[in-house]
Amino acid sequence: MIDLGSWNAPLAPLFFDERYQKIREFLKHEYSNCVVYPDMYDIFNCFRFTPFENVKAVLLGQDPYHNEGQAHGLCFSVKDGVKFPPSLGNMFKELTADTGFEAPTSGNLTKWAKEGVLLLNTSLTVREHQPNSHATCGWSWFTDSVIELLSCEKEHLVFLLWGGNARKKKPLIDKSKHLILECAHPSPLSAYNGFFGCHHYTKTNAYLKAHGISPIDWDLRANESKK
């Protein structure tokens with residue numbers, strides 16, 4: 001079994017489920033015969049960088065970036081040195097407007113993951129240049145189960161649902177225990193329909209502080225200065 005630290009026990013029922021075995025067989029074929037992102041060793045990075053006990057917020061993406069050198073297992077995030085995809089650029093515009101933090105020069109969101117933001121895509125893999133190409137391989141069952149697990153086992157999480165795909169996951173979340181923040185997707189096609197001005201970064205921290213939980217440091221530039 002994959003070693004994911006404190007996620008090992010919560011995710012064990014999923015990894016031993018025959019539906020996950022079918023995903024594994026599918027991925028063996030795909031990685032052997034196609035170009036697939038992210039690298040197979042990065043598929044579960046969202047769990048590696050955000051231990052189960054540290055999760056404070058869940059940001060849902062759709063599937064990994066499908067161009068070379070972008071995806072590394074964290075939704076919306078790209079590796080250092082990679083040009084910002086448009087949605088990520090808009091996320092940083094809202095970050096600056098909402099918090100006053102200067103936009104970062106790197107699109108790597110690993111710091112957010114380490115701060116307690118689970119950066120979860122609803123599909124964890126994709127073929128090169130073919131968005132949603134792995135959407136029906138079983139990942140939706142797996143990631144829906146993760147959302148339900150977090151909703152059931154944790155309290156006072158913030159679920160950030162940006163765009164129609166993420167908002168479909170709302171019924172999986174117990175709104176009596178958690179805060180659900182939803183708005184348009186940060187894509188250039190929809191960002192002006194409610195993403196800009198949503199103030200989700202500060203609303204997340206206000207909710208966490210109200211429940212005695214340390215807020216998330218959204219400032220990515222502070223992280224850059226330490227490199």
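This is a predicted model: local features need pLDDT of at least 70, side-chain atom pairs count only at pLDDT 80 or more; totals for chains, interfaces and linings use all residues.
Two residues are in contact when heavy atoms of theirs lie within 4.5 Å.

**Around L74**
- L74 sits in the loop between β2 (57-61) and α4 (86-99).
- With a relative accessible area of 3%, L74 is buried, because buried means under 20%.
- Setting aside neighbours within four places in sequence, L74 is in contact with N45, C46, F49, L109, T110, A113, L119 and N121.
- P64 is 10 residues from L74 in sequence, and their C-alpha atoms are 7.9 Å apart in space.

**Aromatic pairs**
- How many aromatic pairs does a search of the whole structure find? The search turns up 21.
- F44 and W139 have ring centres 6.1 Å apart and planes at 75°, so this pair is edge-to-face.
- This pair links distant parts of the chain, 95 residues apart: F44 lies in the loop between β1 (36-37) and α3 (45-49), while W139 belongs to helix α6 (residues 139-153).
- Both F44 and W139 are buried.
- Y192 and F196 also form an edge-to-face pair, with 4.8 Å from centre to centre and 65° between the planes.
- Is Y192 buried or exposed? Y192 is exposed, with a relative accessible area of 70%, whereas F196 is partly exposed at 23%.

**A ring cluster and a charge over a ring**
- Ring pairs join F76, F84, F92, W112, W162, Y192, F195, F196, Y201 and W218 into a cluster.
- K154 lies over the face of F52, at 5.0 Å from the ring centre.

Technical notes:
Residues are numbered from 1 along each chain as its sequence is written. Side-chain values use heavy atoms; hydrogens and water are left out. Rings of Phe, Tyr and Trp (its six-membered ring) pair if their centres lie within 6.5 Å; planes under 30 degrees apart count as stacked, over 60 as edge-to-face and the rest as tilted. Helices (H or I, at least four residues) and strands (E, at least two) are DSSP runs, numbered from the N terminus. Buried means under 20% relative accessible area, exposed over 50%, partly exposed in between (1.4 Å probe, protein chains only). A charge sits over a ring if NZ of Lys or CZ of Arg is within 6 Å of the ring centre and within 35 degrees of the ring normal.
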